[in-house]
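Subject: Structure handover

Hi,

Here is the structure I promised to pass on. Please have it open while you read the notes below.

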Amino acid sequence: MQEKLENLQTEALKKIQNSKDLNELKNHEIFYLGKKGKLTEILHGLKDLPNDQRPTIGKFSNVIKKNLEEAFVQKEKMLENEMILKELEEDSIDISAPGAKYNIGHAHPLATTQYEVENIFHGMGFEVADGPEVEVEKFNFDDLNMPATHPARDMQDTFFIDKKADLKLGRLVLRTQTSPVQIRTMLKYGAPLRIIVPGRVFRNEALDACHEHTFDQVEGLMIDKNISLAHLKGVMAEFLSKLFQREIKVRFRPGYFPFVEPGLELDMSCMICDGAGCKTCKKSGWVEFMGAGMVHPNVLRAGGINPDEYQGWAFGFGLTRLVMMRYGIDDIRMLSGGDLRFTEQF
Ligand code: PHE
């Protein structure tokens, strides 16, 4: 009997020790000490033992019962502590861990370059003017010396967004150039004027690496008494040299735009080879940069300015193209494609 009890104790202690959680432990407790448990059974059977054995075995059984009860309580406490520690570990804050990184983004290369352009022109006394992207036909075309029948309208294939024409203002159109803001600022502020107009423009283009339906231009307009193309040359050489942080020369070639007379194209010396000739400038040493010219008297009149008193020049360049040249981007579609792998490089 004694041996049976000892074996039971060893077996129970082993099970207690190996219990992995409170549930398992509870099951063992019921198995040994419960109402119908193994040890309880033995204790019940004591009364059937011969009288001479009963006291010793009885005593011995109670010692084992106490041992097991203690072992259960102890193991229970241990498992509870382990659980608390585990919870703490899962909930705890590791103050030495690096913080979560928030991606706050940054300015798009088009915007960065636009701000730089604005800054440089600010330094030369120009103000930044603005106009709507949905423009009236009159400002986008007619007042710029391009009546509806004018063949020059073909140069800019257009998105008309409203077929109903207002008698005075014409149809609504996604502006094809920033030039209508010339008219708007002249009407609003009169002469003299010194403005640049960065802005988005739209044309019905067949899309490829060099053509997008949406791109950015920067318009320039300087009106005062005794303004000549020499001022334009000086302003542009200064602007481009500041932007590219090296000496840039400019040259004029004849060009045609209905709203300037004379009209011209301005080239800049190649910023890659400084005019020596390379791949970028197709070995010519010059890169086409923008259209410009003396503001046509009709345009001044449309803006309410007397051409006998004031004159000036206007220019328009592609900000998008400038950004592409500056960063060596060879596909215009990257700029508005929304691919973060592209924009995150800047
Ligand atoms: N608006 C012209 C274009 O988009 C550029 C230009 C502006 C030319 C001002 C001359 C003067 O092509």
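N226 sits in the loop between β6 and α8 (229-244). Helices here are DSSP runs of H or I with at least four residues, strands are runs of E with at least two, and both are numbered from the N terminus. Phi of N226 is near 60°, a positive value in a residue that is not glycine. Most residues other than glycine have a negative phi, and most peptide bonds are trans.

On provenance: this is a predicted model, in which local features need pLDDT of at least 70, side-chain atom pairs count only at pLDDT 80 or more, and totals for chains, interfaces and linings use all residues. Residues are numbered from 1 along each chain as its sequence is written, and side-chain values use heavy atoms, with hydrogens and water left out.

Two cis peptide bonds to look at. One runs from A191 to P192, with omega near -5°. P192 is in the loop between α7 and β5. Another joins E261 and P262, with omega about -5°. P262 belongs to strand β8.

Now the ligand. There are 15 residues around it, and Q177, S179, R203, Q217 and G316 come nearest. A residue counts as near if one of its heavy atoms lies within 4 Å. By class, this shell has six nonpolar, seven polar and two charged residues. Nonpolar means Ala, Val, Leu, Ile, Met, Phe, Trp, Tyr, Cys and Pro; charged means Asp, Glu, Lys and Arg; the others, Gly among them, are polar.

- Q177: a polar side-chain atom lies 2.7 Å from a ligand nitrogen.
- S179: a side-chain N or O atom is 2.9 Å from a nitrogen of the ligand.
- Q217: a polar side-chain atom lies 2.9 Å from a ligand oxygen.

The protein covers 92% of the 330 Å² of accessible area that the ligand has on its own. That area comes from the Shrake-Rupley method with a 1.4 Å probe.

β6 (214-224), β9 (286-295) and β10 (311-318) each give two or more residues to the shell. β10 provides the largest share, three residues.

Where does the ligand sit? The space it takes is the largest pocket. The test is that more than half of its atoms lie within 2 Å of the grid points. A pocket is an open set of points on a 1 Å grid over the protein atoms alone, where a 1.4 Å probe fits, with protein on both sides within 12 Å along at least five of seven lines; lining residues have an atom within 4 Å of a point.

The largest pocket holds about 1400 Å³ of space. Volume is the space filled by probe spheres set on the points, which are joined across faces, edges and corners. Its lining has 49 residues, with E288, F289, M290, G318 and R321 nearest the centre. β9 gives the most to this lining, eight residues. The lining divides into 22 nonpolar, 14 polar and 13 charged residues.

The second largest pocket has about 240 Å³ of space. It is lined by 13 residues, and V128, A129, T185, Y189 and I195 lie nearest its centre. β1 (127-128), α7 (180-189) and β5 (193-202) each give two or more residues to that lining. α7 gives the most, with five. By class, the lining has seven nonpolar, one polar and five charged residues.

Best wishes

Note on methods
A polar contact is a pair of N or O atoms within 3.5 Å; within protein, one must be able to donate a hydrogen and the other to accept it, and residues adjacent in sequence count only if both atoms are side-chain atoms.
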